[in-house]
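Today I opened a new model and made a few notes as I went.

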Amino acid sequence: MNSKQNIVHMLMQEVERRYGIAPGDQVERRLVRIFKPMATADLVCWGRTLLSPDAAESEWLSLVECLTVHETYFNRDKELMAVLAAEILPRMFERKKLSGDLRLRIWSAGCSSGEETYNLAMVVLLAMKNAGCARECRDGSIVPLTGWNISVVGSDISSQMIRMARNGTYSTVKMGSFRTMDPLLWRFFDQLEDEGGANFEGRSMRVKSSISEITRFRQHNLLEPLPEEPFDLILCRNVLIYFDKYKATVQTHLCSSLAPGGTLVLGVTDTLLHRPALEPHHRGGVFWYVKPAAGGLQ
Ligand SMILES: C[S@@+](CC[C@H](N)C(=O)[O-])C[C@H]1O[C@@H](n2cnc3c(N)ncnc32)[C@H](O)[C@@H]1O
């Protein structure tokens with residue numbers, strides 16, 4: 001191994017130790033592309049500084065930003081959204097009503113630029129309206145009935161993605177974020193003025209305030225527990241596919257963050273390792289896990 005390959009190897013190991021992303025061909029290719037313009041001596045010097053104990057966390061975060069895949073879009077998994085709307089959420093509303101605690105807390109873990117997080121907020125409001133827990137206003141927005149308190153949190157390691165998510169504005173260019181859009185969700189967007197002209201392509205669509213008011217974003221490394229109150233629903237999708245050794249660590253944190261009776265939804269290819277005391281469920285191709293509620297209420 002030459003000194004350049006050696007540094008790439010050591011950086012990959014450290015990225016995995018800090019952020020869980022497994023070394024692999026894709027990560028290596030990205031690193032090699034980033035380092036291509038650097039002379040070997042400069043790269044070795046820079047790599048050694050980064051690997052030293054007093055390297056700034058921000059330096060690592062900038063590197064990780066370039067190594068991760070941020071692809072995401074609204075209604076990415078239609079089947080899951082349908083099961084949430086028809087089964088998981090209505091059951092959750094019933095449980096909440098029975099318990100008298102009308103706070104509903106949702107976490108989209110590894111949310112990238114926020115589409116999944118906003119999508120969840122939208123699906124929750126639509127399902128609440130169908131369940132008689134929210135009302136439709138004259139302007140078409142949906143607001144929860146008095147007493148309900150809905151909070152949807154999106155988190156990601158990337159500060160760049162969190163900035164985009166907080167902005168809540170998505171372009172229709174090549175339908176990127178909207179490539180598999182559910183037409184029911186357009187009601188939750190405002191079109192920004194003076195953009196795109198008569199063409200739909202090229203417009204900027206901003207999430208309405210009824211959605212952004214119940215949604216917030218924070219930077220967070222999934223290898224660490226999230227210091228927040230427990231959640232009723234957690235989604236962690238298309239994130240753990242890039243993990244290997246640290247999958248179980250992340251899953252343990254996710255399970256600890258679930259409230260009794262709460263639901264965890266992982267990615268299509270993810271299974272729950274070590275199977276803690278969560279009940280597996282599935283409907284068609286959608287799998288989810290429920291933490292038994294105190295007193296057996298579900
Ligand atoms: C492909 S996106 C998934 C977005 C969304 N969940 C979805 O399914 O559409 C994966 C995201 O995981 C984030 N990520 C990777 N490692 C992470 C870590 N250790 N902690 C938090 N987020 C991480 C990346 O920054 C990226 O934005």
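How are helix 1 and helix 3 oriented relative to each other: roughly parallel or roughly antiparallel? Before I answer, the ground rules. This is a predicted model, where local features need pLDDT of at least 70 and side-chain atom pairs count only at pLDDT 80 or more, while totals for chains, interfaces and linings use all residues. Residues are numbered from 1 along each chain as its sequence is written.

**Helix pair.** I looked up helix 1 (residues 3-19) and helix 3 (residues 40-51), and found an angle of about 25° with the axes 9 Å apart. Helices are DSSP runs of H or I, at least four residues, numbered from the N terminus. Axes are lines fitted to C-alpha atoms over the stretch in contact, with angles from 0 to 180 degrees between N-to-C directions. The two helices are therefore roughly parallel (angles under 35 degrees count as such).

I then checked who touches whom, with contact meaning C-beta atoms, placed from the backbone, within 7 Å.

**Domains.** The assignment, automatic or from a database, gives domain 1 (3-67) and domain 2 (78-296). Their C-alpha centres lie 32 Å apart. Eight residues from domain 1 meet 13 residues from domain 2. On the domain 1 side, helix 4 (57-67) gives the largest share, three residues.

**Ligand.** I found that both domains give residues to the shell around the ligand, so the ligand lies between them. Of the 23 residues around the ligand (C-beta, placed from the backbone, within 6 Å), Thr 72, Gly 110, Ser 112, Ile 157 and Asn 238 come nearest.

Conventions:
Parallel < 35°, antiparallel > 145°, perpendicular 65-115°, else oblique. Contact = placed C-beta atoms within 7 Å.
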